[in-house]
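Work through the exercises below with the sequence and the model open. Try each task before you read its solution.

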Amino acid sequence: MALLGIRAQRTVRAVLWTCEEFGGYGGMTYALKHESELDKTSLAIELDDGAYVPLSLQFAGSQAALDELTPFVARVQQLVPLAANITLITSTGGGVDIDYVQQRGVPVMGLATVPKIDVNGYASYFTVHHSPADTPDKLVREQWSSCAATLSVMTYLVANSDSMLPRPQS
């Protein structure tokens, strides 16, 4: 957003998670350390499916929030060529790293991607996950750029909304 010279109405916070494979301690620690701020968090988003072609935005939260997000998907489809067919679906969660904030009432979203044979012949993220081939040079620029653009557009639209996403009724 800074490079584009745009500013959302609300703060956007990017968090890089650690320790997912060893109990999700990064996400848990974040949720505990920032618990007093979570009521001001409109949406937590995670990409933990590999940076391939964007397939769907998997949302867990209230129906009212889902209804508010639906028009945003059309904007993603318009602005991100590889996400032209992306869908918004309901899910049980967005991913291990944001499970802890979800348990505290924050709506969550995960980006699901579809593996496409890349230039190195890998068919899936899990073909190389945690192997010597799991390095940034194996990423296909068009695919990871589309993931970044998809999440950036969605993040901006949510942060620039007139109000926070509605929470589920307790």
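**Exercise 1: Salt bridges**

At 30% relative accessibility, glutamate 37 counts as partly exposed (buried is under 20% relative accessible area, exposed over 50%, partly exposed in between; 1.4 Å probe, protein chains only). This is a predicted model: local features need pLDDT of at least 70, side-chain atom pairs count only at pLDDT 80 or more, and totals for chains, interfaces and linings use all residues. Residues are numbered from 1 along each chain as its sequence is written, and side-chain values use heavy atoms, with hydrogens and water left out.

Task: find which residue forms a salt bridge with glutamate 37.

Solution. 
- Step 1. Apply the cut-off: a side-chain nitrogen of Lys or Arg within 4 Å of a carboxyl oxygen of Asp or Glu.
- Step 2. Arginine 13 is the partner, with the closest N and O atoms 2.8 Å apart.
- Step 3. Arginine 13 is in the segment before H1, and glutamate 37 is in the loop between H1 and strand E1 (44–46), 24 residues apart. Helices (H or I, at least four residues) and strands (E, at least two) are DSSP runs, numbered from the N terminus.
- Step 4. The structure holds two salt bridges. Glutamate 35 forms one with arginine 104, at 3.2 Å between the closest N and O atoms. Glutamate 35 lies in the loop between H1 and E1 and arginine 104 in the loop between helix H3 (99–102) and E4, so this pair ties together parts 69 residues apart in sequence.

**Exercise 2: Aromatic pair**

Task: state which rings form the aromatic pair, and how they are oriented.

Solution. 
- Step 1. A search of the whole structure finds one aromatic pair. Rings of Phe, Tyr and Trp (its six-membered ring) pair if their centres lie within 6.5 Å; planes under 30 degrees apart are stacked, over 60 edge-to-face, the rest tilted.
- Step 2. Tryptophan 17 and tyrosine 30 pair edge-to-face, 5.3 Å centre to centre, with 90° between the planes.
- Step 3. Tryptophan 17 is partly exposed at 24%; tyrosine 30 is buried at 16%.

**Exercise 3: Nonpolar core**

Task: name the residues that touch the most other members of the largest nonpolar core.

Solution. 
- Step 1. A core is a set of buried Ala, Val, Leu, Ile, Met, Phe, Trp, Tyr and Cys residues joined through side-chain atoms within 4.5 Å.
- Step 2. Of its 22 residues, Leu57, Leu69 and Met154 touch the most other members.
- Step 3. Strand E2 (53–60), helix H2 (63–79), strand E4 (108–114) and helix H5 (141–159) each supply at least two residues.
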